[in-house]
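Let's take a walk through a protein model with two chains in view. Have the picture open while you read.

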Amino acid sequence: MKILIVEDEAKTGDYLKQGLAEAGFTADLVRNGVDGMHEGLSGEHDLLILDVNLPGLDGWQVLKALRAAGRDLPVLFLTARDQVEDRVKGLELGADDYLVKPFAFSELLARVRTLLRRDRIREVRMLALADLELDVLKRRATRAGKRIDLTAKEFALLELFLRRQGEVLSRSFIASQVWDMNFDSDTNVVEVAIRRLRAKIDEDFAPKLIHTLRGMGYVMDIR
Amino acid sequence: MASWRHSITLRLSLAFALLATLVFAALGVYLGRSADAHMAELDAHELLGKLVLVRNVGARENSPEALAARLGDALVGEHGVMVAVDGEKGAIFRWPADGSAARLTSATGSVGETPVRLALDGRDFRVVAGSVHTTWGAPVRAVVARDIRHHTDFLDELQRDFWLALAAAALLTMVVGIAVARRGMQPVREIATAAGRISAGQLAERIPEANVPPELAELVSAFNAMLGRLEESFQRLSDFSADLAHELRTPLHALRMQTEVSLIKPRDSDEYRDLLASNLEEYERLSRMIADMLLLAKAEHGLVIPHRETLGLTDLCRQLVDYYGILAEHLQLGLDGENLAIRGDRLMLQRAIGNLLVNAIHHTPPTGRVTLAVRRRDGMAEIVVGNSGPQIPAEALRTIFERFVRADQGGEGSGLGLAIARSIVVAHGGGIAASSSGQLTKFVITLPLAD
């Protein structure tokens, strides 16, 4: 999966590139709108991460040019201004998602994965990791063959983790996906919810499946 | 003054001077005319008197010679008067006898008993003529003329004096006008001076309203009101900056200490990881605070514009109870009421109501109760967040929606939650209020219903 990053702010660009590379993507970084447009038109990328505020050609112009040329790769735009008009404008111009700076890198990663996955969503009935199994249709969870009772939200949370195995999920991403709470709040709701889920699926079992990455979020995998 | 063309003083005094000149001139013209008419009347009286004299003499004397002699006697001492009496056979009498009255008869052929002005030998006369019955035969014609140079000279002089006086008066009016206008403008200059003293550092200064003329009172009070508003927002702004600096300094200081201490000696990678993670948490808090402050700053300037859609309030609240209820497992958390429809920004309202809910949950002891109710009241939708936590003192209630005000000193949270809730509600055209008694603390959001 090849990702093009157009970002003029040096540090942000470099770390975006490094982070994406370490997450297993190939990332190209250009630092201005003109290069961004040329690279974007080359057609060799699967996703574009586009800063709106660029010298020369701004993000909107790049996006417009790409869409006008028939390039339909998913575009995630980054904006420093949290204004409704900005969001609306970006989405109207054909962007697929946006993030407001400053954002958590794990949040970006989650969005990137969602965008890249968008066109190949398969309906999976069974989700599993180690001896944890989830029957999505029957809404039933078992670990080591033992039935585990989950509330609706706990089930949704576990389903999210299983669908995103190995990915770091930030708290705000989890809140948005499971509870549809789309704003950053400094409460520890997600923490508490995960503690409870752990008590049900991890406490009495090995290996542990849900791991905390301090300051980043949570990840489900076998370590 | 920068431009005399726009000077009120100049315009006022010019207007005064012009008006005075016009009035004086009209008066002068009128007086001149009456003097002229009066002189003419006097002349006519005298001329007709002389004509009557000639007629009286004519009726009494029985020969032209006797008439002439008698008239000559009667006119002794008269200056500026000419009399000519002519019979069929020529001149009977001429006065004065020096011959200056010689051409009088020939020049006044058509003159009757109505006085006529006439120039004769370069002098101005007023003339009457009439026939005189005589005892000796046919009537004779008498012409009486009066030299009116005295009168015209007088009138000319009068006029000249008058115009001089007029010019002087106009000038005087203008000078006095300027003085009066300048004096009248004095309060304006005082206002300007007072305004000049006011700078960003002295916004508390006001223009004294005590001795201001009524015409300027409105201006001054409007100006002072403007200063009041400026002072208030300036104060808010500097409070804001001070608050912001203070609130940002605390976490920055912690970050710095932590990082510095960690760098004092080499540590293993787990410790570094811990440090970075802890820093990350602080960064997150900082950026959340900045975002919140930005939202508040924008709200203060009416720049928070809700992205409105039709929302069911109970649906919205249920979602919030689902979410925050996780923090309140030990509490009784209830939601009731009808699902009123409003038009609002889902994200913002989630946040506003959520903030109230979190607050309520945090401030309620484990055995307590938190309730969320939606109801209709006075044509508005009301969302009531109640909790059985400790009473909030009235003093604290008053400022509870201000930013960085924490009802419990040193409490957790940024101190921005309620301020944000209020901003959001206000941006939606609604209101927010808090009340607290021993048993129940209530926060009430009022929002307009969707029509």
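Before we start, one term: two strands count as paired if DSSP finds at least two bridges between them. Keep in mind, too, that this is a predicted model.

The model as a whole scores ipTM 0.72 and pTM 0.61. Chain B averages a pLDDT of 85, and 97% of its residues score at least 70. Within chain B, confidence is lowest in helix α3 (residues 104–107) of chain B, with a mean of 77. The highest value there, 94, belongs to strand β12 (residues 441–448) of chain B.

**Chain A in outline**

Chain A has 223 residues, and 35% of them count as buried. Its secondary structure comes to 8 helices and 11 strands. Now take the contacts in chain A between residues at least 6 apart in sequence: 56% of these join residues at least 24 apart.

**The antiparallel sheet**

Let's begin with an open sheet of 4 strands in chain A, ordered β6-β7-β8-β9, with antiparallel pairing. β6 (126–129) and β9 (146–148) of chain A are its edge strands, each pairing on one side only. On average, neighbouring strands of this sheet are turned by 25° against each other, direction ignored.

Zoom in on β6(A) and strand β7 (residues 132–135) of chain A, which pair in the antiparallel sense over 4 bridges. Which residue of β7(A) is the bridge partner of A:M126? That's A:D135.

**The parallel sheet**

Chain A also has an open sheet of 5 strands, in the order β2-β1-β3-β4-β5, and here the pairing is parallel.

Strand β1 (residues 2–6) of chain A runs parallel to β2(A), and 5 bridges join them. If you look in β2(A) for the bridge partner of A:L4, you'll find A:D28.

**Helices lying across the strands**

| Helix of chain A | Strands of chain A it lies across | Angle |
|---|---|---|
| α1 (residues 10–22) | β1, β2 and β3 (47–51) | about 170° to β2(A) |
| α3 (residues 59–68) | β1, β3 and β4 (75–79) | about 150° to β3(A) |
| α6 (residues 152–163) | β6, β7 and β8 (140–143) | about 70° to β6(A) |

**Where the chains meet**

How many residues of chain A are in contact with chain B? There are 18, and they touch 24 residues of chain B. Helix α8 (residues 189–201) of chain A gives the most to chain A's side, with 3 residues. By type, the residues on that side divide into 8 nonpolar, 4 polar and 6 charged.

**A helix in chain B**

Finally, look at helix α1 (residues 8–60) of chain B. At 1.5 Å a residue, its 53 residues should span 78 Å, and its end C-alpha atoms are 77 Å apart, which agrees. Among the buried residues of α1(B) are B:S13, B:A17, B:D43, B:L47 and B:K50. What covers the buried residues of α1(B)? The cover includes α2 (64–74), β1 (81–87), β4 (123–132), β5 (140–147) and α4 (149–197) of chain B.

Conventions
Residues numbered from 1 in each chain as written. Chains lettered and ligands numbered in written order. Predicted model: local features only at pLDDT ≥ 70, side-chain atom pairs only at ≥ 80, totals over all residues. Helix = DSSP H or I, 4+ residues; strand = E, 2+ residues; numbered from the N terminus. Buried ≥ 20, exposed ≤ 12 C-beta atoms within 10 Å, placed from the backbone. Contact = placed C-beta atoms within 7 Å. Nonpolar A, V, L, I, M, F, W, Y, C, P; charged D, E, K, R; others polar. pLDDT = per-residue confidence, 0-100. Expected span 1.5 Å × (residues − 1). Axes fitted to C-alpha atoms, helices over the stretch in contact; angles between N-to-C directions.
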